[in-house]
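I opened this entry to keep track of what I looked up, chain contacts before anything else.

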Amino acid sequence: MKKNIFLLIVFLSFPLVMQAADNLFYVSFASRVMIYAIAATSLNLALGYGGMISFGHAAFVGAGAYAASICIVEGLTSAWLGWPAAMAAAAAAAWLIGAVSLRTRGVYFIMITLAFAQMAFYLVNSMKAYGGDEGLTLPQRASGLGNEVAFYYVVLLLLSLTLLLLHRLVNSRFGRVIVAIRENEARAEAVGLPVFRYRLACFVIAGAFAGLAGALLASHGKYVNPNVLHWSQSGELMIMVILGGVGRLWGGAIGAAVLLGLEHLITDYPIGWLERIAPNYQDHAGLGIGLVLLAIVLFAPQGLAGLADGRKRAAA
Amino acid sequence: MLRLEALSKRFGGVVATDGVSLEVAKGEVHALIGPNGAGKTTLIGQISGSLPPDSGRVVFLEKEITRDSLHERVRAGLARSYQITSLFRRFSALDNVALAVQARSGSSFSFWRPVAGETRLFDEAASILDEIGLSEKKSQTASTLAHGDQRALEVGLALATRPQLVLLDEPMAGMGPEESRRMIALIERIRTRVTILLVEHDMDAVFRLADRISVLVSGRILATGRPQEIRANAEVRRAYLGDEVAA
Amino acid sequence: MSWVLIAEQALNGLQFGLMLFLLAAGLTLVFGIMDMINLAHGSLYMLGAFLASTFVALTGSFTAGVLLAIPATAALGMVLEIVLLRKLYQRDHLSQVLATFALILILNEAVRLVWGSDAPLPMPSALSGPVELLPGLRYPAYRLLIIGAGLSIAILLYFLVAKTRIGMLVRAGASNREMALAMGVNIKRLFTLVFGAGAALCAVAGALLAPLLAVQVGMGENILILAFVVIVIGGIGSIRGALVGAVLVGVVDTIGRAFLPLAFGVFFQPRVASAAGPAIASVSIYLLMAVILYFRPQGLFPARG
């Protein structure tokens with residue numbers, strides 16, 4: 001409990017400290033990390049708790065991003081309108097894709113979600129009215145939240161709400177059912193649970209929160225383009241989830257922070273001795289990320305949160 | 001209570017169920033016996049809803065359920081325990097049963113309130129655990145339970161849905177004599193509340209518990225009747241019982 | 001809209017479909033027999049193309065270059081299987097997805113380090129001209145080569161799988177792995193072989209398509225997703241399904257892109273047509289997949305009952 005209060009104080013005072021130091025870059029960066037934390041957490045719900053390996057989650061982020069962007073471009077600049085609209089759009093997309101995909105199992109499901117996400121990518125790419133493959137630049141952030149510090153607090157609030165909701169959800173009736181279905185689907189059906197309905201609901205809720213992240217992302221950069229729907233973005237979200245810990249409350253948030261933090265460090269802070277051995281190593285960051293991911297899958301599949309838990313248990 | 005009308009099912013060239021007609025009366029313990037490969041599992045699958053029959057009808061409580069899904073049948077009062085133990089392995093025994101109780105008691109589209117606060121749910125789960133003799137082990141993880149306890153939990157899960165008819169699929173599978181005795185006692189305890197269709201190989205148990213017995217051979221019902229009739233039936237003896245039954 | 005145009009597009013669709021089949025065949029066997037999802041399959045296709053580019057440059061001959069790339073890629077594939085992928089067979093699907101995704105990242109960067117972001121592989125000049133198939137219908141010779149190669153390999157595969165002992169083992173493994181194991185099949189060697197064969201097929205597709213599409217890092221991913229669509233439509237573990245699915249996808253995609261915008265222009269106003277036509281064209285195969293899945297969630301010819 002004391003640890004949580006300490007964390008809260010840090011998060012609350014961070015932007016003010018940065019503002020005093022006249023360094024708003026990191027406030028903006030922190031906002032971006034928190035937005036991805038929301039997206040990764042939403043994927044964690046579907047994948048970590050629900051056991052649904054959806055490789056198309058980026059489609060829902062994208063649906064939200066575009067819905068929110070279109071609102072702003074068409075003059076509806078209030079976040080109170082745009083962001084719920086984004087969540088609704090993403091939820092609708094999740095409903096449609098889930099209704100077809102969740103009839104299938106195993107490798108089929110993974111491939112189908114991937115295919116549908118790719119379909120969404122191509123669809124958005126051909127929407128010439130809203131930028132097509134060049135993307136869409138927004139005249140402003142939703143509700144005029146141009147102030148970095150103010151935006152940070154809004155995002156922090158939304159992330160906190162998301163995590164709180166996930167926490168309650170996991171311990172609720174619904175959460176129990178979802179975890180039971182993941183544990184033994186046949187048995188869940190055999191005790192009278194309409195498995196498909198619950199799975200679809202979980203998928204849609206996860207999609208809705210991904211949409212929220214998408215809306216925030218669009219506002220943050222005042223820009224959206226089809227790449228946000230690309231399946232490699234789904235891959236990045238998955239990396240975050242496994243990095244942080246599949247099926248653990250803080251998994252998405254930790255994973256987002258670590259992955260984005262590492263990427264930032266690699267690109268913006270060249271390591272002298274590394275540069276001497278391997279010049280241009282920064283261009284090949286993908287290699288490092290790939291190797292790290294592989295190592296995690298092979299040796300630490302519970303992610304960082306899992307490692308921390310293990311150490312706590314060993315120390316106890 | 002349960003009526004099967006000319007059920008048939010074939011897999012490619014193999015006829016697994018060949019025009020099976022069967023009736024289970026309310027309140028009885030009806031045993032289904034037969035040699036391995038007779039088609040018992042296929043038949044159970046068609047009754048419980050995991051396998052759709054090619055032709056014929058399944059009628060439960062005067063309503064046709066032939067095409068109903070698994071969970072719809074459970075809602076209607078038809079539950080099943082599995083021959084190969086199928087539990088929520090990482091849940092505790094109590095949580096296993098509690099989930100079944102939860103499934104029965106209203107919608108689980110509840111996202112905010114913690115389940116832990118629903119004392120009525122857990123009280124009911126605890127009493128079912130009591131009934132199946134697992135009260136002391138209620139906090140134990142299902143995967144760490146002894147085999148006999150897991151089989152009992154199987155039955156408990158079926159009971160938690162408050163069924164009218166329970167399909168017990170070889171509840172005594174893989175049990176030693178002591179565990180079998182406990183299972184028989186359990187079945188004796190619950191027979192007053194539910195109708196039971198019992199699939200078993202353990203002849204001792206069958207003849208002790210059953211009100212009526214049906215014999216399934218090569219996908220067809222060879223005979224149905226009271227235990228003494230079946231024991232005396234020459235055809236049944238030839239096809240299945242052989243020397244297993246003392247005179 | 002002449003019949004020549006339609007015939008051309010149909011042939012293009014067939015050509016693309018046959019190359020997709022080469023990728024899908026290897027992929028569906030890996031899914032069906034090893035129950036493993038391998039996202040890096042597209043990377044083998046990419047490796048095949050890059051290797052072909054190098055060998056063609058070294059030998060000066062298109063044929064020699066392509067033929068050398070095939071065993072080279074197969075060898076690399078088998079090494080990959082033995083060193084890494086074997087460890088994933090027992091793991092859950094999520095681990096397989098993430099590990100092979102990591103492999104894509106690693107292989108992409110590795111290729112970039114060795115070759116750079118792209119490599120040249122020009123069309124052999126002997127085949128760069130058109131051939132007159134029928135009076136009035138002229139079709140590029142190179143594309144005919146691809147169709148010919150694709151059909152030959154399809155026939156060869158059919159023969160191998162349906163008529164030889166190895167093929168029988170493969171089919172048995174695809175329809176019931178536990179049974180095949182129980183019957184004493186040397187599973188490890190079979191898996192490595194199947195993987196190597198899949199890699200070889202990828203190399204053929206990669207090398208042959210290279211002069212038409214570009215040889216560049218990341219070329220594997222887009223075609224991989226199409227291969228997934230093919231397998232989902234055709235049914236996991238079924239080579240016949242892969243062929244039917246691939247040709248279906250190839251033809252629908254090509255004809256859709258060529259004629260849907262035109263068709264839209266006929267039925268709808270220009271503003272709607274110019275926006276909706278290309279959009280629907282690019283997603284026509286996904287819609288096809290969705291429709292097929294709705295009625296047959298296991299695909300058209302699932303290997304497992």
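Entry 1, the contact of chains A and C. I worked on a predicted model throughout. I listed the residues on both sides of this contact and got 35 from chain A and 34 from chain C. I then asked which helices of chain A each supply at least two residues of the side that touches chain C. They are α5, α10 (231-244) and α13 (285-299). The largest share of that side comes from α5(A), with 13 residues. I also sorted the side of chain A that touches chain C by residue class: 25 are nonpolar, 8 polar and 2 charged.

Entry 2, the other chain pairs. I checked which chains touch and found 2 such pairs, with the most contacts between chains A and C. Chain B and chain C do not touch. For these two I noted the separation of the nearest C-alpha atoms, which is 9 Å.

Helix α3 covers residues 58-73 of chain A and helix α5 covers residues 106-125. Their axes come within 9 Å and cross at roughly 30 degrees. Angles under 35 degrees count as roughly parallel, so I filed α3(A) as roughly parallel to α5(A). I looked up the hand of the crossing as well, and it is left-handed.

Which residues make this contact? On α3(A) I found Ala58(A), Ala59(A), Gly62(A) and Tyr66(A). On α5(A) the residues are Phe116(A), Ala117(A), Ala120(A) and Val124(A). By class, the contact of α3(A) with α5(A) has 7 nonpolar residues, 1 polar and no charged.

Entry 4, the sheet of chain B. I traced 4 strands in an open sheet, in the order β2-β1-β4-β5, with antiparallel pairing. Where are the edge strands? They are β2 (14-24) and β5 (63-64) of chain B, and each pairs on one side only.

I then looked at the pairing of β5(B) with strand β4 (residues 55-60) of chain B. The two strands pair in the antiparallel sense over 2 bridges. I noted one position here: Phe60(B) stands opposite Lys63(B), which is in β5(B).

Helix α1 of chain B, residues 40-48, lies across β1 (2-11), β2 and β4 of that chain. I also took down the angle of α1(B) to β2(B), which is about 60 degrees.

Notes: Residues numbered from 1 in each chain as written. Chains lettered and ligands numbered in written order. Predicted model: local features only at pLDDT ≥ 70, side-chain atom pairs only at ≥ 80, totals over all residues. Axes fitted to C-alpha atoms, helices over the stretch in contact; angles between N-to-C directions. Parallel < 35°, antiparallel > 145°, perpendicular 65-115°, else oblique. Left-handed = near helix turned anticlockwise from the far one by under 90°. Contact = placed C-beta atoms within 7 Å. Nonpolar A, V, L, I, M, F, W, Y, C, P; charged D, E, K, R; others polar. Pairing = 2+ DSSP bridges.
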